[in-house]
Amino acid sequence: MRVLIDYRPALREPSGVGEYTHRLVQSLLAMRTTEPGLTLDITLFSSSWKDRLLPSPDRAGAAIVDRAVPVKLLNLLWHRFEWPAAETLARRPFDVVHSLHPLLMPTRSAAQVIMIHDLDFLSHPERTRAEIRRDYPALAQAHARRADRIMVPSQFTASEVQRQLGIPAERLAICPPGAPDWTPRTAVPSNGYVLFFGTLEPRKNVGGLLDAYERVLAASAMDAGAAPGSARPIPELILAGRATPEAADWLERLTHPPLKGFVRHLGYVDPAKRRALYENARVLVQPSFEEGFGMPVLEAMTVGVPVVAANRGSLPEVLGDAGPLVDPEQPAAMAAAISRVLNDERYATECSVRGVARAANFRWDRTARRVYDTYQEAIDFRRRRGQSA
């Protein structure tokens, strides 16, 4: 099986999609060792005017096709003109071409697989920008209907693709990410912080988190006034993630009371430093209006960090009973859940233990096997469509 994977999401400062792409490739390559009889030839495709995709030990065994074509230009050609074909750019044939986004990679004859992480761009285009706003809402349905298979990370996203795009369930494959290979921490840091981890963009509801944290600070001040010396100090709130232009108002709030001195923005966190970021947290808060999966929730649970998450999208599916689920539009409820995890040690420990156990159910080797099977299903479906045409 000859597979071409669009590796561009993992090329520079990868977010959730980029991390998924990187780990999926590693896991597919590992299958060739764990399953010696498997026939799998992987080629990674990249295009950029500045950044080069070079051979690396964590991509050993994959062929690389790296073209000095600006990403925006190639996306315009692919999305709007469906040209040039993957075979033209790579100068070799393929059985499957895999786009890690909702729009197809043009091909002459290969089966086409896309991945839809979520449909927030369709429900709320105002939360998006650049070519996502330009192309995804207009083209996603037509591309999904032409795709031979569609991968999704959760049952929630699968249901949304069926409901909003009219895709039958048999053409969908649920391929959730696996948990990182981290061991649970052995102690909770006494000076740990409240953590938000993700891109600072509208659907992440950072404004709602800041509203909730102001309530946590106000309640702490009232407790200190009523019983001096008895109130616990409120940990710092850390916002970790790249800021989009829409985050300007949130960042401005951090420079004024009551948040000044209590909230800090770290910016983009290199993947090599993510584990330490989680291990030093008292609690992770994921207040998003919608998530197709919610990778930070899984990563936090893996190391034993309690999680407070919004009762929206896929987050209940990922968190399960391992932590409190709150209405993201109710700052008071979010503040109460954060305060409970910070102040009730027994409850926090219960959330931690349940989270570690739940995270163990998400494994990259299982995901890789499901993706490989999806490729084969796509090839078979493409062949049947060709015969009936």
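Predicted model: local features only at pLDDT ≥ 70, side-chain atom pairs only at ≥ 80, totals over all residues.
Biologist: Is Cys-351 buried or exposed?

Modeller: Buried means under 20% relative accessible area. Cys-351 has a relative accessible area of 5%, so Cys-351 is buried.

Biologist: How many disulfides are found in the whole structure?

Modeller: A disulfide requires a pair of cysteine sulfur atoms within 2.5 Å. The search covers the whole structure, and the number of disulfides found is 0.

Biologist: Which residue is the bridge partner of Met-115 in S6?

Modeller: Strand S5 (residues 111-115) pairs with S6 in the parallel sense, over 3 bridges. In strand S6 (residues 149-152), Arg-149 and Met-151 point one way, Ile-150 and Val-152 point the other way, and all are buried. The bridge partner of Met-115 is Met-151.

Biologist: Which helix does the chain pass through as it crosses from S6 to S7?

Modeller: S6 is also paired with strand S7 (residues 172-174), in the parallel sense and over 3 bridges. Within this pairing, Val-152 stands opposite Ile-174. The β-α-β crossover from S6 to S7 is right-handed, and its helix is H6 (residues 155-165).

Biologist: How many of the 9 residues of helix H10 are buried?

Modeller: Helix H10 (residues 295-303) is largely enclosed by the rest of the structure. Its buried residues, among them Pro-296, Glu-299 and Thr-302, are covered by elements including strand S8 (193-197), helix H9 (274-279) and helix H13 (345-359).

Biologist: Which residue just after H10 takes a positive phi?

Modeller: The buried residues of H10 include Val-303. Just after H10, a positive phi of about 95° is taken by Gly-304.

Technical notes
Residues numbered from 1 in each chain as written. Heavy atoms only, no water. Buried < 20%, exposed > 50% of the residue type's maximum accessible area, 1.4 Å probe, protein only. Helix = DSSP H or I, 4+ residues; strand = E, 2+ residues; numbered from the N terminus. Pairing = 2+ DSSP bridges. Right-handed = clockwise from strand over helix to strand, strands pointing away. Contact = heavy atoms within 4.5 Å.
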